[in-house]
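Good morning, and thank you for coming.

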Amino acid sequence: MRIAILVSGSGSNLQAILDERAADPAYPAEPVVVISDNPDAYGLVRAAAADVPTEVVAWSDHPDRSLFTAAICESAKRHGAEALVLAGFMRILSAQAVADFPIINVHPSILPAFPGAHAPEEALAFGVKMTGVTVHFVDEKVDHGPIIAQEAIAVEAGDTPERLHARIQAVEHRLYPEVVRAFAEGRLVVEGRHVIWKEPES
Ligand code: GRF
């Protein structure tokens, strides 16, 4: 499956996917472009180092969300992408993206708890004892689509948002490439809000 990976920042999840692909010649997802809304995203450097084409679609160059989304979709299509993989992409896309592509996202909490851009901070402030990682399909609502995989992480005494997020990211870096593999193999079947994992073909 030819995928466009969308980033806004560090791109450590992008790196995890690139590393998995480099380690396994049979990895079924091929990143054909990395697109960022942020020209300074380190994810662009990671993509270039792996010889993956990059594009910047700056938020400020587009008068509204639907034109911004159209530019992202146009870029992904031009590179032949069949699906979008969001990896720390901090902009909300309009419904056109969901109509044009299957899209998956990784989120640093157990959804539906703590949607939005500050999940580790909000989980700590709320006093939860467990939080974690969610990988989900993207639908028209933010951090809402059918859940593909979740993994819980215990909050520890003395955690700061940074320390907690580092443990969350360690899980993301293992889980997200695995989910992208199953996604690219067509093994994720969506039935309403439920995602059924089909067994790999042997
Ligand atoms: C990750 O924690 C992800 O869950 C959230 O944004 C962060 C991106 O990190 N959506 P990175 O850019 O992949 O390092």
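How far apart do the C-alpha centres of domain 1 and domain 2 lie? They lie 19 Å apart. Before going further, I must say that this is a predicted model, in which local features need pLDDT of at least 70 and side-chain atom pairs count only at pLDDT 80 or more, while totals for chains, interfaces and linings use all residues. Residues are numbered from 1 along each chain as its sequence is written, and side-chain values use heavy atoms, with hydrogens and water left out.

The domain assignment of the chain gives domain 1 as 1–101 and domain 2 as 105–135 + 147–202; such bounds come from an automatic or database domain assignment.

Let us consider where the two domains meet. Here 16 residues of domain 1 are in contact with 13 residues of domain 2, contact meaning heavy atoms within 4.5 Å. About 1300 Å² is buried between the domains, and carbon and sulfur atoms give 63% of that area. Buried area is the accessible area (1.4 Å probe) that two parts lose on being put together, summed over both.

Between domain 1 and domain 2 the count is 2 salt bridges. The term denotes a side-chain nitrogen of Lys or Arg within 4 Å of a carboxyl oxygen of Asp or Glu. Arg181 and Glu20 form a salt bridge through their side chains, at 3.6 Å from N to O.

Which elements give two or more residues to the side of domain 1 that touches domain 2? They are helix H1 (12–23) and strand E4 (83–86). Helices (H or I, at least four residues) and strands (E, at least two) are DSSP runs, numbered from the N terminus. The largest share of this side, 5 residues, comes from H1.

I turn now to the structure as a whole. A search finds 13 salt bridges. In one of them, the side chains of Asp100 and Lys77 meet at 2.8 Å, N to O. Asp100 belongs to helix H4 (residues 95–100) and Lys77 to helix H3 (residues 65–78), so that the pair links distant parts of the chain, 23 residues apart.The structure also holds 4 aromatic pairs. Rings of Phe, Tyr and Trp (its six-membered ring) pair if their centres lie within 6.5 Å; planes under 30 degrees apart count as stacked, over 60 as edge-to-face and the rest as tilted. Phe114 and Phe126 are an edge-to-face pair because their ring centres are 5.9 Å apart and their planes stand at 65°. Phe114 is in the loop between strand E5 (103–107) and helix H5 (119–126), and Phe126 is in helix H5.

Pro112 also has its place in the loop between E5 and H5. A cis peptide bond joins Leu111 to Pro112, with omega at about 15°.

Finally, Asp51 lies in the loop between helix H2 (42–49) and strand E3 (54–56). Its phi is near 65°, a positive value in a residue other than glycine.
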